Amino acid sequence: MPSTANIVILAGLLIGLVYGAVGLLSGFCLMSSLRGWWAQGDSRLVRTYALAMGVAIAATQLLAMRQAVDLGKSIYLQPTFSAPLMFVGGILFGYGMVLSNGCGSRALVLLGRGNLRSLVVVIILGIAAEVTLKGLIAPGRIELLQWTQMTAGATSIPALIAKLGVSERFARSLAAPIISAAFIIFAFSHAPFQRAWGQIVAGLIIGLLIAAGWYATGYLGADEFNPTPVTSLTFVAPIADTLQYQMLSTGLTLNFGIVTVAGVFAGSLVTALATQRFHWEGYSSPQHMLRSVAGAVLMGIGGVTALGCSVGQGLTGLSTLALASFVAVAGIFLGTGIGLRGALRVRPLASTSA
């Protein structure tokens with residue numbers, strides 16, 4: 001009989017394969033979504049993201065209500081966190097996402113399609129994340145964390161509502177449907193999106209994959225003697241772990257994040273080959289490469305300090321309704337907005353399309 005660890009590894013691989021295939025076929029990416037909406041007036045992709053968010057919240061909160069997953073064991077609902085550091089980290093990640101023309105998960109998907117620019121982004125992002133987690137600038141990050149961290153009286157929206165004197169279960173059953181419905185209504189309030197069946201299916205699948213990740217690690221991986229960290233889709237720290245595992249595999253063990261990263265790349269690659277979308281792409285100029293590298297560095301540093309990326313906080317974190325995740329996501333949106341529309345707007349370069 002397979003161990004719980006092996007079951008979680010298999011589940012992570014399958015989730016990654018599906019995400020890679022769906023991400024390639026749909027173009028799922030927060031940065032591309034916001035750029036299409038703000039610059040071109042096409043909001044279909046951002047509504048795909050909103051649908052995924054609504055589905056992820058509904059499905060994840062249903063798991064929590066049925067006590068299938070203890071979300072309190074995740075990093076998003078810890079009682080002590082640094083709101084300023086997470087907000088600034090989100091800004092860095094969002095701006096870096098614009099510089100690199102996509103987030104870490106999008107880079108993995110495009111790498112599977114033959115985009116060599118994404119290879120540079122993935123490697124540099126992983127190195128920057130590792131340096132921030134455990135390397136040269138880790139002591140500074142930890143020092144800043146200690147200076148700015150606070151202990152919250154409530155870690156999530158349901159916990160905040162429960163302070164009014166109701167049970168947390170009732171608060172969850174009240175907050176989750178309202179917030180989930182708001183995102184889903186926003187998604188379907190646009191007539192062109194209602195006809196975009198491919199985008200609708202992509203939003204539904206990705207939202208359910210978030211819940212599947214929670215179920216895999218929080219339920220299938222529940223083991224008193226060898227517990228699996230309770231998490232779901234996120235990409236900054238797992239990309240760093242994947243690079244480290246490739247170099248030091250004999251001294252390390254596979255985990256959910258590493259196999260998910262591998263699965264996203266493999267799912268995209270197989271889909272690209274099967275649909276004849278695979279083609280080699282590279283940089284158009286040294287300036288293009290420098291911009292991409294700078295963006296990857298900012299995403300690595302920002303993703304670690306914000307405790308997640310546009311997927312790790314934007315979908316997985318928000319699916320827990322954690323207050324800290326809303327802070328991080330606000331920073332990511334602000335950073336993306338600065339890069340796309342602000343005074344520090346990133347000017348487009350020739351031949352940089354994803």
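Visitor: Is asparagine 101 buried or exposed, and what is its relative accessible area?

Guide: This is a predicted model, and in it asparagine 101 sits in the loop between helix 4 and helix 5 (104-112). Residues count as buried under 20% relative accessible area. Asparagine 101 is therefore buried, with a value of 14%.

Visitor: What is phi of asparagine 101 near?

Guide: Most residues other than glycine have a negative phi. Asparagine 101 has a positive value although it is not glycine, and its phi is near 65 degrees.

Visitor: Where is leucine 321, and is it buried or exposed?

Guide: Leucine 321 also has a positive phi, near 60 degrees. Its place is in the loop between helix 15 (312-319) and helix 16 (323-341). With a relative accessible area of 0%, leucine 321 is buried.

Visitor: Let's turn to open space. How much space lies in the largest pocket?

Guide: Rolling a probe the size of a water molecule over the atoms shows where empty space is left. For the largest pocket, that space comes to about 1,100 Å³.

Visitor: Which residues of the lining lie nearest the centre of the largest pocket?

Guide: Elements that each supply at least two lining residues include helix 1 (4-26), strand 1 (80-81) and helix 12 (236-248). The lining divides into 22 nonpolar, 17 polar and 4 charged residues. Out of 43 lining residues, those nearest the centre are Ile75, Pro229, Thr231, Ala237 and Asp241.

How values were computed
Residues numbered from 1 in each chain as written. Predicted model: local features only at pLDDT ≥ 70, side-chain atom pairs only at ≥ 80, totals over all residues. Heavy atoms only, no water. 1 Å grid on protein atoms, 1.4 Å probe; cavity = no way out; pocket = protein on both sides within 12 Å on 5 of 7 lines; lining within 4 Å. Points joined across faces, edges and corners; volume = space filled by probe spheres on them. Helix = DSSP H or I, 4+ residues; strand = E, 2+ residues; numbered from the N terminus. Nonpolar A, V, L, I, M, F, W, Y, C, P; charged D, E, K, R; others polar. Buried < 20%, exposed > 50% of the residue type's maximum accessible area, 1.4 Å probe, protein only.
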